[in-house]
Amino acid sequence: MRGGPGPRSGASMAEIGAVAGGAVAIGDGLILAAGREEDVRDQIAGRAILQELDAQGRLVTPGLIDPHTHLVHGGSREHELALKLRGVTYLEILAQGGGILSTVEMTRAATEDELYVKAKKSLDTMLLYGATTVEAKSGYGLTLEDELKQLRVAKRLQETHAVDVVSTFMGAHAVPTEYKERADAYVSTVIDTMLPEIKRLGLAEFCDVFCEHGVFTVEQSRAILRAARTLGFGLKIHADEIESMGGAELAAELGCISAEHLLAATDEGLNAMARAGVVAVCLPATSFNLRVANHARARAMIEMGVSVALSTDYNPGSSPTESLQLVMTLACLHLRMTPEEVITALTINAAHAIGRADQIGSLEVGKQADLVLYHAPNLAYLPYHFGINHVDTVVKKGRIVVTDGKVVPF
Ligand code: IZC
Ligand code: ZN
């Protein structure tokens, strides 16, 4: 699969460059050659081969990329299931002080080590299901110290885990209880205190905001993201998930690298995103789990020229799953994406959504040797045979990190 200069959109999302009888040669953690086996062998003729892994004709893809997760958090929220079945909505639970705010309480109460152990377990699961790079947001601390605690855990995971962790500051995830009815004052704290300190410590590459009715307005989101941009953060935005409020338009206006959810985005907003090159990160496991009637309009997005990526949105509330393979199935069935579009969305387009397309997301010479080998004969088999794990082997930076479906200690 070729990366090209920008994220894939339109018909090119389905052009994956699959090679039957392909091979990949790896050296120093990077791809030396990729393509038909005879050609690859020709290109590396004369070099010593230290190890060969025979895929036996089965499916190999680039390492999957999960560009939107709330990886580091305390506790869980299974009690919300009964509320949901009684018809209480996600935003109603939040307005009652539950939802994100209950995870904030559990995250504040947890030690850094406890958060690390819990997040590491999830990261192991993500890896077992084929993810080799994962974005991780803060946003369950909502004080400088508690946000730093989450971000330090993400940094420690990046240093100690085979999966690469890309860090995003999301102090504007909810208005904390102590700022109830004083959202503007909290926005000022995020801008004046949190963003500069996180920048100074180099603990996050991106800044994200939950722009939604009852959470942060378009004006508040704009103020935070502009301040973040001035400090040099890349920008992301949870936009138009539940109600249409101009989040997609704002993402285009500010030149965000990605906009997330977008179920209620307008045609004008999506067209503006296409023109501005903002990647749409669709999260079908979330709409499935929230039991909402509509899903992100991925087909319309692709036709409009918006580059679509996919992600788990792994979090303890709206999407408690680490499985990108489940996301593949839901993207086909609910978003009506083809398996080819889905793999593009989880590799090269996901890489663009986190600013890593020069290093990962395709099997091209010079990129990191991140690969997944599946117990599957072809690509369509993955979303088709759903609810189980097809991964056999994962290679990260040229090293075997999952073998026989088990994590190899780092
Ligand atoms: O904990 O509910 N949507 N943030 C925005 C979330 C879901 C995470 C959560
Ligand atoms: Zn999210």
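Analyst: Gladly! Let's start with R336, which is in the loop between α13 and α14 (339-345). Helices (H or I, at least four residues) and strands (E, at least two) are DSSP runs, numbered from the N terminus. The model is predicted, so local features need pLDDT of at least 70 and side-chain atom pairs count only at pLDDT 80 or more, while totals for chains, interfaces and linings use all residues. Residues are numbered from 1 along each chain as its sequence is written, chains are lettered from A and ligands numbered from 1 in the order in which they are written, and side-chain values use heavy atoms, with hydrogens and water left out.

User: Why is R336 called exposed?

Analyst: Exposed means over 50% relative accessible area, buried means under 20%, and partly exposed is in between (1.4 Å probe, protein chains only). R336 has 57%, so it counts as exposed. R336 also has a positive phi of about 60°, although it is not a glycine.

User: What makes D404 exposed or buried?

Analyst: Its relative accessible area is 58%, so D404 is exposed. D404 sits in the loop between β14 (399-403) and β15 (406-407). Its phi is positive too, at about 55°, and D404 is not a glycine either.

User: Now for the inside. What makes a set of residues a nonpolar core?

Analyst: The members must be buried Ala, Val, Leu, Ile, Met, Phe, Trp, Tyr or Cys residues, joined through side-chain atoms within 4.5 Å. The largest such core here has 107 residues, and L310 and M337 touch the most other members. Helix α13 (residues 324-335) gives the most to this core, with 7 residues. A second, separate core holds 14 residues, including L283, I348, A353 and I354.

User: Which residues does M337 touch?

Analyst: Contact means heavy atoms within 4.5 Å. Setting aside residues up to four places away in sequence, M337 has contacts that include M13, I302, V308, L310 and V342.

User: Why is L283 called buried?

Analyst: Its relative accessible area is 4%, so L283 is buried. The place of L283 is the loop between β10 (279-282) and α11 (284-289). Beyond its neighbours within four places in sequence, L283 is in contact with H68, E260, H261, S311 and D313. L283 and D313 are 30 residues apart in sequence, yet 6.2 Å apart in space from C-alpha to C-alpha.

User: Which residues does the UniProt annotation "binding site" cover, together with H68?

Analyst: The unreviewed UniProt entry puts H68, H70, H238 and D313 under that annotation. UniProt positions are given in the numbering used here, feature names are shortened, and annotations may be inferred rather than shown by experiment.

User: How do you know that these residues cluster in space?

Analyst: They are spread over 246 residues of sequence, but the largest C-alpha distance is 12.3 Å. H70, H238 and D313 are among the residues lining the largest cavity. On a 1 Å grid over the protein atoms alone, a cavity is a set of points where a 1.4 Å probe fits but cannot get out, and lining residues have an atom within 4 Å of a point.

User: Why are H68 and H70 called buried?

Analyst: H68 has a relative accessible area of 0%, so it is buried. H70 reaches 3%, so it counts as buried as well. H68 is in the loop between β4 (64-66) and α2 (80-85), and H70 is found in the loop between β4 and α2 too. Leaving out residues up to four places away in sequence, H68 touches H238 and D313, among others, and the contacts of H70 include H238 and D313.

User: What about R77: buried or exposed?

Analyst: Its relative accessible area is 4%, so R77 is buried. UniProt lists R77 for "binding site" in an unreviewed entry, with Y140, H173, E241 and S318. The lining of the largest cavity takes in R77, Y140, H173, E241 and S318.

Key. 1 Å grid on protein atoms, 1.4 Å probe; cavity = no way out; pocket = protein on both sides within 12 Å on 5 of 7 lines; lining within 4 Å.
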